Amino acid sequence: MMLKKIAHIVFLIAFATTAQNNTSYWQQHVDYTMNIDMNVKNFQYQGTQELVYTNNSPDTLNQVFYHLYFNAFQPGSEMDVRSINLPDPSPKIMDKISKLKPKEIGYIKVSSLSQNGKTVQHKTVGTVLEVMLNKPILPGEKATFSMQFEAQVPKQIRRSGRNNKEGVALSMTQWYPKMAEYDFEGWHADPYIAREFHGVWGNFDVTINIDKDYTVGGSGYLQNPNEIGHGYQTPGTKVKHKTDKLAWHFKAPNVHDFAWAADPEYIHDSVKVPDGPTLHFLYKNNEEIIDKWKDLQPKTVELMQYFSEKIGKYPYDQYSVIQGGDGGMEYAMCTLITGERNFGSLVGVTAHEMAHSWFQHILATNEAKHEWMDEGFTSYISTLAMNEVMKQNNPNSLKKMYIDYFQLAISGVEQPQTTHADRYAHNFAYGNSAYSKGAVFLSQLGYIIGEDNLAKTIRRYYDTWKFKHPTPNDFKRVAEKVSGIQLDWYLTDWTQTTNWIDYGIKEVAEKDNVTIVTIERIGLMPMPLDLYVEFKDGPVESFYAPLRMMRGEKENPIPSINRTVLVDWPWTNPTYVIEIPKPISEIKAIAIDITGTMADVNPSNNTYPN
């Protein structure tokens with residue numbers, strides 16, 4: 001017995017040491033079993049939950065926290081107060097929460113909670129349930145939490161809710177008591193202010209008891225399709241409903257969320273992706289949208305194939321596109337989107353939300369702290385996907401992302417991308433930072449390390465970090481390993497400061513039949529430079545000045561153009577001189593970065609002659 005205790009202590013010390021030295025990765029695990037009974041007349045439901053929590057951390061846990069997201073939809077909540085006091089509140093929220101009546105609010109009330117069969121003390125504080133444990137959860141141990149709760153679905157305002165503007169009855173997202181994430185930084189028990197989410201990886205077993213006329217779609221695989229019907233049954237199977245309610249039994253393996261939607265007027269179609277998942281489409285029986293939703297289906301197949309090729313193969317056997325919510329929002333194995341759109345918008349929102357299946361629901365970043373990693377990476381890849389799938393043939397499809405970033409950079413209200421999502425002073429700054437500046441981060445990385453290396457980085461990032469919680473540094477390290485170029489300077493300046501990029505051609509002179517071009521760094525953020533020279537007799541040549549901090553060089557981005565690699569540019573030097581072995585009289589034009597992928601906020605001084 002003593003030897004076993006000693007061995008156990010040695011293991012714990014070794015485990016804790018490796019964690020402190022940051023040489024190992026760990027993540028917590030949850031297994032949910034939930035059963036709810038929904039009353040579609042008053043939009044209230046009763047629920048039971050058994051949650052098996054595995055502490056894979058090197059730490060002893062004395063408390064746990066749950067998110068109770070529906071509590072945000074009450075007058076005086078933190079989301080309500082925050083929206084009222086923002087200078088540019090989201091038009092989806094504004095002061096709408098403050099005007100909710102008692103039968104319109106949302107709530108989740110925990111009536112009982114036990115740990116391993118013994119009642120534990122708990123306190124609801126806004127959208128967070130604080131739980132003091134009777135017995136600490138040691139490293140490597142499991143604990144079973146059993147809960148009973150009751151809830152009311154709020155009037156549709158933001159993401160979750162009932163009877164949205166398109167008439168969808170139930171958009172059930174963030175609808176259950178959800179265990180907060182605990183990672184190497186500690187607990188992430190953030191109140192729900194209106195931004196997005198961070199969840200624990202695990203398995204969900206969910207039974208939804210609801211009126212038999214309602215069709216349900218969402219996360220997970222339906223376990224009893226031939227009892228349920230509603231388009232899920234095996235072809236040729238006759239389904240008879242003998243009770244007023246049906247028990248929809250779903251299982252969702254290896255996800256960090258579970259969402260669903262239900263409506264008595266849903267049309268349910270399904271399409272199989274070749275060598276891929278089955279796609280489910282659930283949308284209202286509205287003759288004005290049916291044709292567009294039918295046409296959406298082959299485009300969604302193409303999108304699934306595009307993302308699987310460019311990022312990595314979609315790992316689940318199912319994905320659902322569901323009309324619901326208040327715009328578009330990604331969830332595990334599904335998305336909820338508003339459906340009364342023109343066709344281009346319908347495909348576009350589907351492309352964006354489906355791309356989130358990779359950049360958030362497989363590569364599960366903490367959206368409260370690194371929102372630009374999921375929104376920006378998604379915006380980048382979904383824009384490229386739309387360009388191909390919709391045959392837009394736009395050689396500069398990301399141009400709008402750059403324009404939006406430039407507006408942010410010169411606005412005077414930009415904050416670093418390391419700002420917590422809830423702490424942005426302006427919604428405008430949050431949106432352009434997360435979506436546009438995040439997309440430019442990836443696009444510009446292609447300028448720094450080369451487009452081929454960027455493509456390889458994205459695929460290796462997926463292979464390395466799928467089903468985990470990657471951080472910005474994790475992505476940077478993958479890019480460094482792929483390219484052989486050091487990138488800490490890039491991650492630091494772009495995401496942790498509001499420094500911008502501004503280079504200019506300061507002077508063009510001639511000496512002894514040699515053209516001398518002086519390049520000036522005007523902005524605080526340094527970059528490697530590509531200078532292109534067009535000669536009057538026809539050819540174009542490039543001159544490449546790597547940044548010394550890169551400790552490496554990219555391949556020639558335009559192999560058909562002859563390139564001269566120059567000595568490294570130390571970032572401290574405000575100017576850099578390039579000698580072109582021909583007189584000015586033989587030069588037609590000089591330009592910095594003709595590809596437009598370096599985010600120079602003032603390109604007007606990037607050419608000669610101006």
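Modeller: In this predicted model, aspartate 37 is partly exposed, with a relative accessible area of 34%. The partner of aspartate 37 is lysine 245, and the two form a salt bridge in which the closest N and O atoms are 3.0 Å apart. Aspartate 37 belongs to strand S1 (residues 29–39) and lysine 245 to strand S17 (residues 245–255), so this pair ties together parts that are 208 residues apart in sequence. Side chains of opposite charge can pair when their charged atoms come close.

Lysine 313 forms a salt bridge with aspartate 275, with 3.8 Å between the closest N and O atoms. Both partners lie in loops: lysine 313 between helix H4 (290–310) and strand S21 (318–323), and aspartate 275 between strand S19 (266–272) and strand S20 (278–284), so the parts they tie together are 38 residues apart in sequence. Lysine 313 is partly exposed at 48%, whereas aspartate 275 counts as exposed at 68% relative accessibility.

A further salt bridge joins glutamate 302 and lysine 299, whose closest N and O atoms are 3.9 Å apart. Both residues lie in helix H4, three residues apart, about one turn of the helix. Here glutamate 302 is partly exposed, at 30%, while lysine 299 counts as buried, at 17%.

Terms used
Residues are numbered from 1 along each chain as its sequence is written. This is a predicted model: local features need pLDDT of at least 70, side-chain atom pairs count only at pLDDT 80 or more; totals for chains, interfaces and linings use all residues. Side-chain values use heavy atoms; hydrogens and water are left out. A salt bridge is a side-chain nitrogen of Lys or Arg within 4 Å of a carboxyl oxygen of Asp or Glu. Helices (H or I, at least four residues) and strands (E, at least two) are DSSP runs, numbered from the N terminus. Buried means under 20% relative accessible area, exposed over 50%, partly exposed in between (1.4 Å probe, protein chains only).
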